[in-house]
Amino acid sequence: MASLRTKKTKTGTSYIVCFRFGGHLYNRSLGEVSEGEAESRRKRVEATIHDIGTGRLTLPQDADAGLFILSDGKLAGKPKAAVEIEQITLKTLWERYKADLPEGAKEMSSQKTEALHVKHLLKLLGESTAVTGLTVENLQGYISRRAKQKGHRGRVKPRTIKKEVATLRMLWNTFALPRKIVTMDFKSHFGKLLYEKEKEKPPFQTFSQIERQIARGGLNENQIAALWDGLFLDAGQIKEVLEHVREVEWAPAWVHPMFVLAAMTGARRSEMIRSRVADWDDRHNGTGYFRERKRSSETTTHRMVTVVPQVAQAIDAYLLKHPGGEFVFCDDANVRLTPKSADYWFGRVLEGGKWHVLRGWHAFRHSFASVFAARGIDQRTIDGTLGHQTDAMKKRYRHLFPQEQKAAFAAVFGT
């Protein structure tokens, strides 16, 4: 028979398994494991002793009996010293990652997001925690504690926590593992983590649909904001917004053409900020391109887009006032626009009026996809124009494919 006893340590509780074999008493430490793991090891010790007694296992000559039993009959002696694993803290891992990150490898917005994620990870997991000391219990505890904290709109959402854990996974798999700071990949080490079930985002809706829901009452500020996050504008409303922005004479010269480009190409904010003047040299022949980061993590790819006359005209008018340099949208020559400045002026030119409900540049990307879908444009055409799209985004405007739905119903039920 085998039994367990505990020993208090500075950092917690250590378990010791005790058993008799061959007239000797063995006391072997299991370390600071969970109670369930300690009990499992005790039962395996008893099973190994039973297998030796019944002849199913043979104790090798000159073997360390205690080690042999504790290792489930796999080790006859102490293993050779393994390559020493570097012991560094989570904070040090983050600092080394930042120091080694090549310039231009990631967008500044991505780096800021990673920094925000790591800020929360370090706060709850502990800056001085050894990377190799992280356990599934630690990380599951982080997920549970983070879910109880207050976020931008109520409690922190599961999708936010998943993104934070994904940043840790990135540090683990792409930085720590190749440098032998850890010995196995993130999934093998931590297994399946559990998150609170999340509500699906509502489908994209029109301005009037959202207004009717708000008018019925019973919604709090966060719920109303979530509805406006799913707004898509029709072609007439897009034209109305662009006309409003064109008449704002006190805004920087780049504001109106950037609105036009977003509305009529579905471009991301980051793509427009990266855009060079040379990318639009062929605009009068109906083509231009964006420099992508989403499609590949290793290279900058280019996505060709159709340039309609309104876009070409807006760029033409703007370039007459352009400060010079390679970047399209800028206040000074060769000084790229910042995401913060782009967001500030987006809100500034729309504040106080009907269109202040637009939540950001992504509203035009949503509108572009939704308007094309509502007109029955093939999904492949939309994908090719917008580039990388998540399945979640596609699902939010899938209901706007009327021709596909009508054809499907006609095939089943007849005309």
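**Close-up views of salt bridges and strands**

The structure, a predicted model, holds 19 salt bridges (a side-chain nitrogen of Lys or Arg within 4 Å of a carboxyl oxygen of Asp or Glu). Local features need pLDDT of at least 70 and side-chain atom pairs count only at pLDDT 80 or more, while totals for chains, interfaces and linings use all residues. Residues are numbered from 1 along each chain as its sequence is written, and side-chain values use heavy atoms, with hydrogens and water left out.

**View 1. Salt bridge between E164 and R146.** The N to O distance is 2.9 Å. E164 belongs to helix α6 (residues 158-176) and R146 to helix α5 (residues 136-147), so the pair ties together parts that are 18 residues apart in sequence (helices are DSSP runs of H or I, at least four residues, and strands of E, at least two, numbered from the N terminus). Both residues, E164 and R146, are buried (under 20% relative accessible area; exposed is over 50%, partly exposed in between; 1.4 Å probe, protein chains only).

**View 2. Salt bridge between R348 and E351.** The closest N and O atoms are 3.3 Å apart. R348, at 30% relative accessibility, is partly exposed, whereas E351, at 51%, is exposed.

**View 3. Strand β6 (residues 287-292) and its alternating side chains.** Strand β7 (residues 301-306) runs antiparallel to β6, joined to it by 6 bridges (strands pair if DSSP finds at least two bridges between them). T306 in β7 is the bridge partner of T287.
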